[in-house]
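Please open the model in your viewer and keep the sequence panel beside it. The stops below say what to select next and what is there.

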Amino acid sequence: IHFELEESEMTVKKKMILTILLLTNVITMFLSWFGNARGVQEIKGTIVLFNPITLFCIILFVVGIWVPFEKANNWICLLSMLGIIGVEIYEFIFWHYMTITRKVDLSFSFNSAYT
């Protein structure tokens, strides 16, 4: 019985760590991501949060962590994190497409990105 209690505590600790890492990722979206080159106005990472896929993936991640499914939790968390990372990459490449350059320019994204 003692061993099972320790294992469930580990599970809760793992869930808390993953939740904190997700919150850290979301908090970094409120920092400035672009705008340090050529007088471009600072653009925060919240443009990622405005994408409905991001919100869906965040909810899916939380559900995948805290709702007990049989062996599907890892896949749900993995797919949701890949979705968030995919939206971040998409916004990194195309954030200036409609407003500034009217073309896809990866070097412009790198030149305008904050470290």
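**Stop one: the nonpolar patch**

Begin with α1, which gives the nonpolar patch its largest share, 3 residues; helices here are DSSP runs of H or I with at least four residues, numbered from the N terminus. This is a predicted model, in which local features need pLDDT of at least 70 and side-chain atom pairs count only at pLDDT 80 or more, while totals for chains, interfaces and linings use all residues. Residues are numbered from 1 along each chain as its sequence is written, and side-chain values use heavy atoms, with hydrogens and water left out.

Select Val12, Met16, Ile20, Val62 and Trp66, which together make a nonpolar surface patch of about 430 Å² (patch residues have over 30% relative accessible area and no salt bridge, and nonpolar side chains are joined within 5 Å). At least two of the patch residues come from each of α1 (2–28) and α3 (52–66).

**Stop two: helix α4**

Next select residues 73–94, helix α4, whose 22 residues should span 32 Å at 1.5 Å a residue, in agreement with the 32 Å between its end C-alpha atoms. Among the buried residues of α4 are Asn73, Cys77, Gly83 and Phe92 (buried means under 20% relative accessible area, with a 1.4 Å probe and protein chains only).

**Stop three: confidence**

Finally, colour the chain by pLDDT, the predictor's confidence in each residue from 0 to 100. The chain mean is 78, and 79% of residues reach 70 or more. Confidence is highest in α3, at a mean of 92, and lowest in helix α5 (residues 97–101), at 64.

How values were computed. Patch = residues over 30% accessible without salt bridge, like charges linked within 9 Å, V, L, I, M, F, W, Y side chains within 5 Å. Areas by Shrake-Rupley, 256 points an atom, 1.4 Å probe, with all protein chains shown as cover. Salt bridge = Lys/Arg side-chain N within 4 Å of Asp/Glu carboxyl O. Expected span 1.5 Å × (residues − 1). Buried < 20%, exposed > 50% of the residue type's maximum accessible area, 1.4 Å probe, protein only.
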